[in-house]
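Please open the structure in a viewer and keep the selection panel at hand. The stops below are meant to be followed in order.

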Amino acid sequence: MSMKRTLFLILPAVLFISIFMLIPLMIALVYSFMTSDSYGGVTAPATFDAYIQLLYQQDFDGSLIFSTDYLFIILRSIELAVATTLLCLIIGLPVAWHIVCQNASRRKFLLFLVTMPFWINTLIRTYCWVLILRDQGLINMTLRNLGLIMDPLPLLYNDGSILLGLVYTFVPFMVLPIYSTLERVDTRLIEAAHDLYAGRWQVFRRVIWPLAKPGIVAGSILIFAPALGSFLAPDLLGGGKKLLIGSLIQMQFTSSRNWAFGSALAVLVTATVILTLIISSRRNKVGEVRI
Amino acid sequence: MSGGTPVQRPIQGFDWRKTPGLGVATWVFLAFLYMPLFVLVVYSFNANNLVTIWTGFSLRWFVKVLHNPDIRDAAINSLVIAVVATILSTLLATAAALALERGRNFRGFGTVNGLISLPLVVPEVVVAITTLIFFSSIGLNLGLGNLIIAHTVFCIPFAVLPIRARLKDMGGAYEEAGRDLYADEWRLFRRVTLPLIAPAIGAGGILAFVTSLDDFLISLMVSGPGTTTLPVYVYGMMRLGVTPEVNAISTLLLVLSVSLVVLALLLGRRARSRD
């Protein structure tokens, strides 16, 4: 294939994504330094107001008061995203290892079962948990019919239900990358470790875990990034009572009409995600050298 | 355990392929993945007005949902968007996959590679609001057109995946044979490459279609009056409370996604069995 043809073929996709994704991201960056228009959109004077608003609240007389409200929301969102990633790792690693240990046809079948939910609408997958957890939901009704409880347990609309929803949504993202790294592992290494008197735990700690690391890093990124900006789980399972950054951003463009602040938040989230990507890919490279 | 060396095993019966408890853990995990979906499907066949009390099997909510004109309009919108976005993104993705797998190694290859998968990395809420800002700042209002553009962008990487994988798997031998027989570039593509990657293009198209149908957040932000998509409409229903209609429409969407993905899988399998 000639150079001209190569560029001719790649150009349409590159242009499309550049115009409709990269440029919008740049525009949001610009918007975050503008002043919000109360009808939606932004107006001329360029300021840092949107970023200042993250840490300070404007008092009635115009003076700035230090406020941790938004900082708190951001920290809580990061906390939940980290918790989601860790839980997915704890659940996903043993499952991935189990699948690797199976024969070819069973592997295929199990992988199919793990990937399938990924293609089902997240809205619907999240809603299923509303059916199970709400006051008249499956769990509460079952317990009440068994006579174990009188009043419904408050299972929905708390951090636990949000976390459950996030783990449920993202856990396949952890199983698949770990599986694909473990699948390529030379099994003689495990047998060698065994011959050198390593027990199960040591084989895991010294052989499987280091070899699975690239997959763990990939899975963690695939989960942390979307979990940080997640909207549906906090909205449907958290009841929107306590805000998370995803809902906060969305609100700035609907009810609050503060586009500059919303853009600043979006810039912050994107920067965090990209930073995580860079750091983890660099650390991973260091790790590969060490092994 | 290979080899016939009579080595004394230090721990009797150690088989690294069998870790006690892992099999059970995996099945518990799969139950965790599928049990909620199962609950939804069962509830959607419940005849009772109150979702939680089971009074008998019934299809009445499905009938009711299918006769709801708002749902029908939203479904048509979703379908139009998904079909056009699928065609556009699959065309762009096929060309891009060919360039990335068969083209010359141009400068900035890594950057282009990253750019193509950019929609996978940027959080959905950010994509949603930046797209909204973009359309409003340039004053573009094409109705469904806006949604089609937005969907095409994030469908591209999903369509690229199976096509690239197929091109990589089959290697360049067939194309070389064609070249040896003096086929020009166009005929080579038309007679050799295209038939070989056709099932993968089909699979990529279906994945793009499902991704478009499944999208909620971006559609929520970009859609306006009259361009509501089905997930956005269903979300509105969910906000009002748990009703049998929501269960029925959710089950319909679920079944649609599952059948399409199984179809994509079968297409992928057919592609591999051709070699």
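The tour goes from the whole model to one chain, then to the interface and the other chain.

This is a predicted model, in which local features need pLDDT of at least 70, side-chain atom pairs count only at pLDDT 80 or more, and totals for chains, interfaces and linings use all residues. Residues are numbered from 1 along each chain as its sequence is written, while chains are lettered from A and ligands numbered from 1 in the order in which they are written. The model scores ipTM 0.83 and pTM 0.84.

**Chain A**

Select chain A, which has 13 helices and four strands; helices (H or I, at least four residues) and strands (E, at least two) are DSSP runs, numbered from the N terminus. Along the principal axes, the C-alpha atoms of chain A fill a box of roughly 75 × 75 × 35 Å. Of the 291 residues in chain A, 42% are buried, a residue being buried if 20 or more other C-beta atoms, placed from the backbone, lie within 10 Å of its own.

Next, select residues 3-31, helix 1 of chain A. Where is the kink in this helix centred? A kink of about 40 degrees is centred on A:Ser18; the bend is the angle between axes fitted to the seven residues ending at a residue and the seven starting there. Then show the side chains of the buried residues of helix 1 of chain A, among them A:Leu9, A:Ile10, A:Ala13, A:Ile17, A:Phe20 and A:Met21. The list also includes A:Pro24, A:Ala28 and A:Tyr31.

**The interface**

Display both chains: 68 residues of chain B are in contact with 70 residues of chain A, contact meaning that the C-beta atoms of two residues, placed from the backbone, lie within 7 Å. On the chain B side, helix 1 (residues 22-44) gives the most, with 12 residues. By class, that side has 51 nonpolar, 12 polar and five charged residues. Here Ala, Val, Leu, Ile, Met, Phe, Trp, Tyr, Cys and Pro count as nonpolar, Asp, Glu, Lys and Arg as charged, and the others, Gly among them, as polar.

**Chain B**

Colour chain B by domain: the assignment, automatic or from a database, gives domain 1 (21-58) and domain 2 (69-273). Their C-alpha centres lie 30 Å apart. The contact between them takes eight residues from domain 1 of chain B and seven residues from domain 2 of chain B.

Finally, colour chain B by pLDDT, the predictor's confidence in each residue, from 0 to 100. Chain B averages 85, and 92% of its residues score at least 70. Among its elements, helix 3 (residues 69-102) has the highest mean pLDDT (93) and helix 5 (residues 118-121) the lowest (83).

Terms used
Buried ≥ 20, exposed ≤ 12 C-beta atoms within 10 Å, placed from the backbone.
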